[in-house]
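Hi everyone, thanks for coming.

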Amino acid sequence: MAIREIIILPDKQLRLVSRPIEKVTPEIRKLADDMFETMYDAPGIGLAGIQIAQPVRIITMDLARRDEDGELNPRPRVFINPEILSASEELSVYEEGCLSIPEYYEEVERPARVRIRFTDLDGNVHEEDAEGIFATCIQHEIDHLNGVLFVDYLSKLKRDRVLKKFTKAAKLAGK
Ligand code: NI
């Protein structure tokens with residue numbers, strides 16, 4: 001496994017539409033391993049392939065739960081070619097962040113529940129209902145596969161402000 005570099009706003013690759021994965025090959029499993037290592041190191045709860053410059057439709061996620069002893073139980077999950085089949089009319093608001101827009105958090109309103117279809121690392125297709133933080137996280141990550149970022153849901157004023165800040169930082173870093 002290897003920690004890969006996470007690409008940061010305003011890197012144009014973040015706007016790419018990722019391509020479907022036709023077959024779960026050893027390379028795809030290796031990519032998932034690297035994504036987990038990169039995500040845990042960051043640390044973050046979700047990562048899309050394009051965030052490590054791999055424009056393929058794969059997401060890693062770990063919405064670890066604390067048990068009664070306060071112990072954190074890891075819950076690593078992989079979603080390949082995930083799709084949203086339906087979304088609730090009811091909306092919910094969560095404060096979102098993104099490893100590609102570090103240390104920036106804003107509230108975003110999204111459907112409270114979604115039904116998703118995805119392929120797992122064994123190539124099996126599943127359908128599942130997502131709610132709560134899982135619903136928000138999977139929508140945020142599927143957006144990445146379509147070149148959409150959570151700042152796209154903010155007012156133009158806020159979006160321009162954050163884009164300007166990150167563009168300036170990238171220039172200072174010589175990127
Ligand atoms: Ni993100």
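I'll start with the metal site, then go on to the strands, and finish with the salt bridges.

Some ground rules before that. This is a predicted model, where local features need pLDDT of at least 70 and side-chain atom pairs count only at pLDDT 80 or more, while totals for chains, interfaces and linings use all residues. Residues are numbered from 1 along each chain as its sequence is written, and side-chain values use heavy atoms, with hydrogens and water left out.

Okay, the metal. Which protein residues are the donors of the nickel ion? They're Cys98 through SG, His140 through NE2 and His144 through NE2, and they lie 2.1 to 2.3 Å from the ion. A donor here is an N, O or S atom within 2.8 Å of the metal (3.2 Å for Na, K and Ca), and since water is not among the atoms, sites may look incomplete. Along the sequence, the spacing of the donor residues reads C-x41-H-x3-H. Cys98 sits in strand 6, residues 91-98, and His144 in helix 2, residues 132-145, so this pair ties together parts that are 46 residues apart in sequence. When I say helix or strand, I mean DSSP runs numbered from the N terminus: H or I with at least four residues for helices, E with at least two for strands.

The cut-offs are under 20% for buried, over 50% for exposed and partly exposed in between, using a 1.4 Å probe and protein chains only. What does His144 touch, if we skip its neighbours within four places in sequence? Its contacts are Leu16, Ala48, Ile50, Gln51, Cys98 and Leu149, where contact means heavy atoms within 4.5 Å.

Now the strands. Strand 5 and strand 8 run antiparallel, joined by 5 bridges; two strands pair if DSSP finds at least two bridges between them. One example is Ala87, whose bridge partner in strand 8 is Val114. Strand 8 also pairs with strand 9, residues 125-131, again antiparallel, over 7 bridges. There, Thr119 has Val125 as its bridge partner. Those two strands make a hairpin with 5 residues between them, and Gly123 in the turn has a positive phi of about 85°.

Last stop, salt bridges. We count one when a side-chain nitrogen of Lys or Arg is within 4 Å of a carboxyl oxygen of Asp or Glu. How many does that give? The count is 13. Take Glu83 and Arg117, whose closest N and O atoms are 3.6 Å apart. Glu83 is in strand 5 (residues 76-87) and Arg117 in strand 8 (residues 113-119), so the pair ties together parts that are 34 residues apart in sequence. Both are partly exposed, Glu83 at 37% and Arg117 at 30%.

Then there's Arg113 with Glu90, at 3.1 Å from N to O. This one links strand 8 to the loop between strand 5 and strand 6, 23 residues apart. Glu106 and Lys158 also form a salt bridge, at 3.2 Å. Glu106 is in strand 7 (residues 101-111) and Lys158 in helix 3 (residues 156-172), 52 residues apart. And salt bridges with shared partners join Glu83, Arg115, Arg117, Glu127 and Asp129 into one network.
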